[in-house]
Amino acid sequence: MMMEQTATTSPDPELDEAVEAEVNGEMLETPPHLVDVIIPTWNNEAYLRPCLETFWQTVPLQLAHVWVVNNGAPDSCSWITAPNTTILEVGENLGWEGGLEIGLRYATAPAVLFLNDDVHFPPSSNGWLERLLGHFEDERVGAVGPLSNMVVGAQNMFLTHLHPLTEARFLIGFCMLVWREALDEVGGISHGLPGGDDFDLSLRLRNAGYLMVADRREFVYHHAYKTGERVHGPSSIPGGWNSKSQTDATVAALVERYGQATWDHLFAFPDEYVPLILEDEADEGAFDAATGMDMDMDMDADEQESSAG
């Protein structure tokens, strides 16, 4: 691995000042922000470029810092010039979970967003991340996810009977916002599974007593499978991405960890998902005090006119 972090960062998600760390041999100072965004990528400029462009078109610059973990060819992300965005050159393909762990070494914000590099944010979703972040004003919430086109469970846009705010049995990791304190409490990123790390994290959060929110009012577009199929092959071949053999191996591994009844409950229909009634959201002051930052971050149009490439 080609990089090493200095000891100036801290795992404490509470943030009240800029953080300095060594990134790819150079010192980098990240200003205070509320969300660290981690995007592992593997030679995928065609989708990563619009992902970054549309992300920063719909998110205030002062809200987040993006960490692009380059699992691909050296300098394959050198085209990136997006603001508040750092490329982490790791020199090898560490996979999805390995990429997330690298990003978490640098993440200091109270919330972290796990993001696939093939997600697209339409203009109509402007402000989506601020609104998802607001759910953490309820201390019971451990993770939040948006509505999308290519996703299973309560985030699926085609399950039109579900309440706009639904208590999810699980969230999918293509665009998953997690409270860092909750993530650390349940053990961080899990290894040793053939897939399904998002199911595993969801179950650990539930077992720890946290709620997961599917906010169906916030939509992002997910192309899906754009890296998995290139690395592992299509679902039509044995062992391919989302193939029957891979899916069966993932389910077997999760059943071994959590039991058949727990797994079955995740997909139990017609046992309906329940509408989520959050605690009183009025106390923004408590949230600001806990994070050391101001949730009222109006977008500055001039600051948003930056390009990801």
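Strand β8 (residues 141-148) pairs with strand β11 in the parallel sense over seven bridges, where helices (H or I, at least four residues) and strands (E, at least two) are DSSP runs numbered from the N terminus, and two strands pair if DSSP finds at least two bridges between them. Within this pairing, Ala143 has Met212 of β11 as its bridge partner. The model is a predicted one, in which local features need pLDDT of at least 70 and side-chain atom pairs count only at pLDDT 80 or more, while totals for chains, interfaces and linings use all residues. Residues are numbered from 1 along each chain as its sequence is written, and side-chain values use heavy atoms, with hydrogens and water left out.

Strand β11 also pairs with strand β9 (residues 165-167), in the antiparallel sense and over three bridges. Here Thr166 stands opposite Ala214 of β11. Strand β7 (residues 119-120) runs antiparallel to β11 and is joined to it by two bridges; the bridge partner of His120 in β11 is Tyr221. Strand β11 (residues 211-222) is largely enclosed by the rest of the structure, because nine of its 12 residues are buried. Buried means under 20% relative accessible area, exposed means over 50%, and partly exposed lies in between (1.4 Å probe, protein chains only).

The loop between β8 and β9 contains Leu159, which is partly exposed at a relative accessible area of 22%. Apart from its neighbours within four places in sequence, Leu159 is in contact with Gly153 and Arg216, contact being defined as heavy atoms within 4.5 Å. Leu159 and Arg216 are 57 residues apart along the chain, and their C-alpha atoms are separated by 9.9 Å.

Helix α5 (residues 197-207) is mostly covered, with nine of its 11 residues buried. Among the buried residues of α5 are Asp197, Phe199, Leu201 and Arg204. Just after α5, Gly209 takes a positive phi of about 95°.

The largest nonpolar core holds 79 residues, of which Val35, Phe55, Phe114 and Leu115 touch the most other members. A nonpolar core is a set of buried Ala, Val, Leu, Ile, Met, Phe, Trp, Tyr and Cys residues joined through side-chain atoms within 4.5 Å. Leaving aside neighbours within four places in sequence, the contacts of Phe55 include Val37, Val66, Leu113, Leu115 and Trp128. Phe55 also belongs to an aromatic cluster with Trp56, Phe121 and Trp128.

A search of the whole structure finds 11 aromatic pairs. One of them, between Phe170 and Phe267, is tilted, with 5.2 Å centre to centre and 45° between the planes. This pair ties together parts that are 97 residues apart in sequence, because Phe170 lies in the loop between β9 and β10 (175-179) and Phe267 in the loop between α8 (260-266) and β12 (274-275). Rings of Phe, Tyr and Trp (its six-membered ring) pair if their centres lie within 6.5 Å; planes under 30 degrees apart count as stacked, over 60 as edge-to-face and the rest as tilted. Phe170 is buried, with a relative accessible area of 1%, whereas Phe267 is partly exposed at 35% relative accessibility.

The chain contains 10 helices and 12 strands. Of its 309 residues, 53% are buried. Among contacts between residues at least 6 apart in sequence, 74% join residues at least 24 apart.
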